[in-house]
Amino acid sequence: MTFTKPKLPYSPDALVPTISEETINFHWGKHEQNYIDTLNSLIEDTEYQDMPLEDIISKSDGKVFNNASQAWNHIFYFFQFTPGGQKEPSGALLKQIESQFGSFEAFKEKFVDAGATIFGSGWVWLSSDDKGNLVITAARNAENPLTQGLRPLLVFDVWEHAYYLDYQNRRKDYLQKLWDIVDWSIVEIRYS
Ligand code: MN
């Protein structure tokens, strides 16, 4: 199977001012394309060539894992944003957030802090376990909660390429601004 980059459901300038068109063009346009192209070349004529991306992530390591996971993670990241989307969680997800973190505000602070304090490149994830409990993971490099049997719900990219053009070294400002474009209706579908 040859993987291709899906088309984003919004225009490259739709997330301004949180994420600039220039960042979309580099981050989604070039970085994500490179992960997908590299993965395609690495899996050609190997045991991975006919596997779905999630299976490659579970079964591989090294370069194949890094590129497969980065390819998947960026699709997950960019497809959780909608300009003018649902700004807050509701229903069962909101209840679970309030029961585990006290409030939505307290959850957001804890999530941003987990991302802001990752040393080097990584991702901060919200996932759920098989009982519906929420888990925040500060992940290094390409790490993905799928490999721990968790269900990913939300992710913020904390590689410098995600924010340097728009925020330079102000990683925490970038993480806090992402709340303006997260579409919680998408996170709720992932949780249900
Ligand atoms: Mn990235």
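Start your tour at the manganese ion, whose donor residues follow the sequence spacing H-x46-H-x82-D-x3-H. Keep in mind as you click around that this is a predicted model.

**Stop 1: the metal site.** Select His27, His74, Asp157 and His161 and show their side chains: these are the protein donors of the manganese ion.

His27 belongs to helix H1 (residues 21-43), and His161 sits in the loop between strand E3 (151-157) and helix H6 (164-167). The pair is 134 residues apart, linking distant parts of the chain. Are they buried or exposed? His27 is buried, at 1% relative accessible area. His161, at 18%, also counts as buried, because the cut-off is under 20%.

**Stop 2: two crossing helices.** Next, select helix H4 (residues 91-101) and helix H5 (residues 104-116). Their axes come within 8 Å and cross at roughly 70 degrees, which means H4 is roughly perpendicular to H5. To see what touches, show Leu94, Ile97 and Phe101 on H4, then Phe104, Ala106, Phe107 and Lys110 on H5. Of these contact residues, six are nonpolar, none is polar and one is charged.

**Stop 3: helix H7.** Finally, select residues 171-178 and pick out Arg171, Tyr174, Leu175 and Leu178, which are buried. Look down the axis of H7: its buried residues fall within an arc of 100 degrees, so they line one face of the helix. Residues three or four places apart in an α-helix point the same way, because each turn takes 3.6 residues.

Conventions
Residues numbered from 1 in each chain as written. Predicted model: local features only at pLDDT ≥ 70, side-chain atom pairs only at ≥ 80, totals over all residues. Heavy atoms only, no water. Donors = N, O, S within 2.8 Å, 3.2 Å for Na, K, Ca; no water. Helix = DSSP H or I, 4+ residues; strand = E, 2+ residues; numbered from the N terminus. Buried < 20%, exposed > 50% of the residue type's maximum accessible area, 1.4 Å probe, protein only. Axes fitted to C-alpha atoms, helices over the stretch in contact; angles between N-to-C directions. Parallel < 35°, antiparallel > 145°, perpendicular 65-115°, else oblique. Contact = heavy atoms within 4.5 Å. Nonpolar A, V, L, I, M, F, W, Y, C, P; charged D, E, K, R; others polar. Arc of directions from axis to C-beta.
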